[in-house]
Amino acid sequence: MEPKIRRMINKYSAVAAVTSFVTQPIPGADELIVVPIHYHLSVSMARHQGASLLAVPWIQVSKIIWGGAGVRLFANFTLGLVPVAGLFSNAITAVALTELLARYLDDALRTPASPRAVSLKTIKDAVEGPLRAWRAPRRWPGIRRVLRRAAPAPAPA
């Protein structure tokens, strides 16, 4: 991936994350605002790579955008009830969906073969992966050793 395209993707990811973070308290509002951002990203990437807008696989792109909006809306209703977790999970899923869309488009516009089909499972995995990593408990592998050493040894009687 070219550095200029990577910067463009980072910019769109940041805009989508901030928009999702700010509009999270209103159910469904962030999805309605992020969808045009993703379409604008698609057009910008096609123009940057010199492809015509007719060369963009719009059906697959629309599946990613609208399927991702549905998955994000579902995640918003499940995690959105937790005050702080809802804000951050919404921003994380927006970034994950933007990254999935950008990688798919980059691959589809660079290769002359027909682009691979996108399923709802692909979108769900892309959105849930970062959420699982964010919610995973942090473990310290050496905690048992430290706790054993910290306990005083019994005094001989």
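Tutor: The protein has an accessible surface of about 9500 Å², and carbon and sulfur atoms hold 67% of it (Shrake-Rupley method, 1.4 Å probe; for residues, only the protein chains shown count as cover). This is a predicted model: local features need pLDDT of at least 70, side-chain atom pairs count only at pLDDT 80 or more, and totals for chains, interfaces and linings use all residues. Residues are numbered from 1 along each chain as its sequence is written, and side-chain values use heavy atoms, without hydrogens and water.

The protein contains six helices and zero strands. Both are DSSP runs, numbered from the N terminus: helices are H or I of at least four residues, strands E of at least two. Of the 157 residues, 39% are buried (under 20% relative accessible area; exposed is over 50%, partly exposed in between, with a 1.4 Å probe and protein chains only). Take contacts with a separation of 6 or more: 77% of them join residues 24 or more positions apart. Contact means heavy atoms within 4.5 Å.

Now the close look. Helix α1 spans residues 3-23, and helix α2 spans residues 29-48. Their axes come within 9 Å and cross at roughly 170°. Axes are lines fitted to C-alpha atoms, for helices over the stretch in contact, with angles from 0 to 180 degrees between N-to-C directions. α1 and α2 are therefore roughly antiparallel to each other (over 145 degrees; under 35 is roughly parallel, 65 to 115 roughly perpendicular, the rest oblique).

Who makes the contact? On α1, the residues include K4, I5, M8, Y12, T19 and T23. On α2, they include A29, D30, I33, V34, H38 and L41. The residues of this contact divide into 11 nonpolar, seven polar and two charged. Here Ala, Val, Leu, Ile, Met, Phe, Trp, Tyr, Cys and Pro count as nonpolar; Asp, Glu, Lys and Arg as charged; the others, Gly among them, as polar.

Zoom in on I33, in helix α2. I33 touches T19 and T23, leaving aside residues up to four places away in sequence. From I33 to T19 is 14 residues in sequence, yet 7.5 Å in space, C-alpha to C-alpha. I33 is partly exposed, with a relative accessible area of 37%.
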